[in-house]
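Me: I am new to this structure. Please show it to me, and then I will ask about it piece by piece.

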Amino acid sequence: MGKVAIVTDSNSGITLSEAEKLGIRVVPMPFLIDGNTYYEEISLSQEDFFKMLGEDVDISTSQPEPGSVTDIWEEELKHAEEVVYIPMSSGLSSSCHTAIMLSEDFDGKVQVVDNQRISVTQRQSVLDAIELAGRGMGAAEIKEYLEEVKMESSIYIMLDTLKYLKKGGRITPAAAALGSALRLKPVLQIQGEKLDAFTIARTKKQGVSKMLSAMESDINNRFGGVSNVHLEVAHTQNEEAALGFIETIKEKFGASAVDLSPLSLSVSCHIGAGALAIACSKVIKR
């Protein structure tokens with residue numbers, strides 16, 4: 001019997017097949033689409049999601065049903081002593097607070113981590129939790145550590161369109177119309193809790209340059225150099241550009257490895273297709 005089981009949600013971008021290889025469990029996130037509920041990777045693929053998003057189908061995010069979460073915890077506790085659950089940031093969804101409430105019925109055997117991560121940085125938290133469990137840490141220790149280092153990650157995302165920021169009420173219709181006319185490329189950031197505006201670029205090339213400069217500043221001033229971070233690239237239906245971006249990042253930072261993942265659908269529904277992101281997460285202490 002393994003001591004600690006690791007569970008996350010599909011906002012981490014970890015697929016069911018990858019989860020099986022890692023020896024963890026993933027809670028699929030539900031989406032409400034034209035009044036029907038779909039589950040990420042089970043009844044909703046990336047391709048179908050973006051097809052419907054492009055057709056202006058009404059899509060909204062939801063949180064997992066409590067029973068679907070606790071059922072997985074209970075299954076894991078049949079072969080593990082404790083569970084560490086790593087959901088998406090509490091600043092982006094109420095599902096984290098719901099999970100914390102649910103965990104109160106498990107007598108400390110389930111520890112819910114609120115470390116303000118999403119997508120590729122949430123994925124890295126899961127990988128870190130696996131490593132910490134392998135070192136012999138208990139669930140409470142892993143939770144404490146991951147929450148202690150929660151701000152030691154950074155994401156910058158360049159959008160291809162302002163349409164979904166307008167649809168979500170994050171910018172006014174007038175600002176969206178002006179930005180679209182000028183073909184502006186907004187760059188957003190996630191530094192902890194929320195998705196916020198960072199800067200505006202006039203071209204994709206300028207947007208990439210601004211993201212690289214911002215990440216370089218974070219790496220050098222916040223994280224102590226490129227050897228101390230995991231570098232990641234993410235995208236929404238933009239893999240060719242993402243692969244090219246990886247080569248640029250490797251050349252700029254002298255990095256030997258840069259992970260690549262699609263952005264989670266919960267982020268994608270607010271930004272649309274064609275987005276490109278760079279992220280980093282600080283390497284955990286040895």
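Me: Where is Asp-107 found?
Reply: A caution comes first: this is a predicted model. Asp-107 belongs to a loop. Helix H4 lies on one side of that loop and strand E7 (110–112) on the other. The place asked for is the loop between H4 and E7.

Me: Is Asp-107 buried or exposed?
Reply: A residue counts as exposed when its relative accessible area is over 50%. Asp-107 has 72%, so it is exposed.

Me: What is phi of Asp-107?
Reply: Most residues other than glycine have a negative phi. Asp-107 is not a glycine, yet its phi is positive. The value is near 50°.

Me: Which loop holds Glu-41, and what is its phi?
Reply: Glu-41 sits between strand E4 (36–39) and helix H2, in the loop there. Glu-41 is not a glycine either, but its phi is positive. That phi is about 75°.

Me: How does Glu-41 count in terms of accessibility?
Reply: Buried means under 20% and exposed means over 50%. Glu-41 has 38% relative accessibility, so it counts as partly exposed.

Me: Is Ser-95 buried or exposed, and what is it in contact with?
Reply: Ser-95 is in helix H4, which covers residues 95–103. Its relative accessible area is 6%, so Ser-95 is buried. Neighbours within four places in sequence are set aside here. The contacts of Ser-95 are then Gln-63, Pro-64 and Met-88.

Me: Which residues touch the most other members of the largest nonpolar core?
Reply: This core has 29 residues. Elements that give two or more residues to the core include strand E3 (30–33), helix H2 (46–54) and strand E8 (153–158). The residues asked for are Phe-31, Phe-49, Ile-59, Ile-157 and Ile-271.

Me: What does Ile-59 touch?
Reply: Residues up to four places away in sequence are not counted. Among those that Ile-59 touches are Leu-32, Ile-33, Met-52 and Leu-53. The list also includes Phe-31, Phe-49 and Cys-269.

Me: How many residues are in the second core?
Reply: The second core is separate. Ala-242, Ile-246, Phe-253 and Cys-280 are included in it. Its count is 23 residues.

Me: What is the radius of gyration of the protein chain?
Reply: The chain has 286 residues.

How values were computed. Residues are numbered from 1 along each chain as its sequence is written. This is a predicted model: local features need pLDDT of at least 70, side-chain atom pairs count only at pLDDT 80 or more; totals for chains, interfaces and linings use all residues. Side-chain values use heavy atoms; hydrogens and water are left out. The radius of gyration is taken over C-alpha atoms; the globule rule is 2.2 Å times the number of residues to the power 0.38. A nonpolar core is a set of buried Ala, Val, Leu, Ile, Met, Phe, Trp, Tyr and Cys residues joined through side-chain atoms within 4.5 Å. Buried means under 20% relative accessible area, exposed over 50%, partly exposed in between (1.4 Å probe, protein chains only). Helices (H or I, at least four residues) and strands (E, at least two) are DSSP runs, numbered from the N terminus. Contact means heavy atoms within 4.5 Å.
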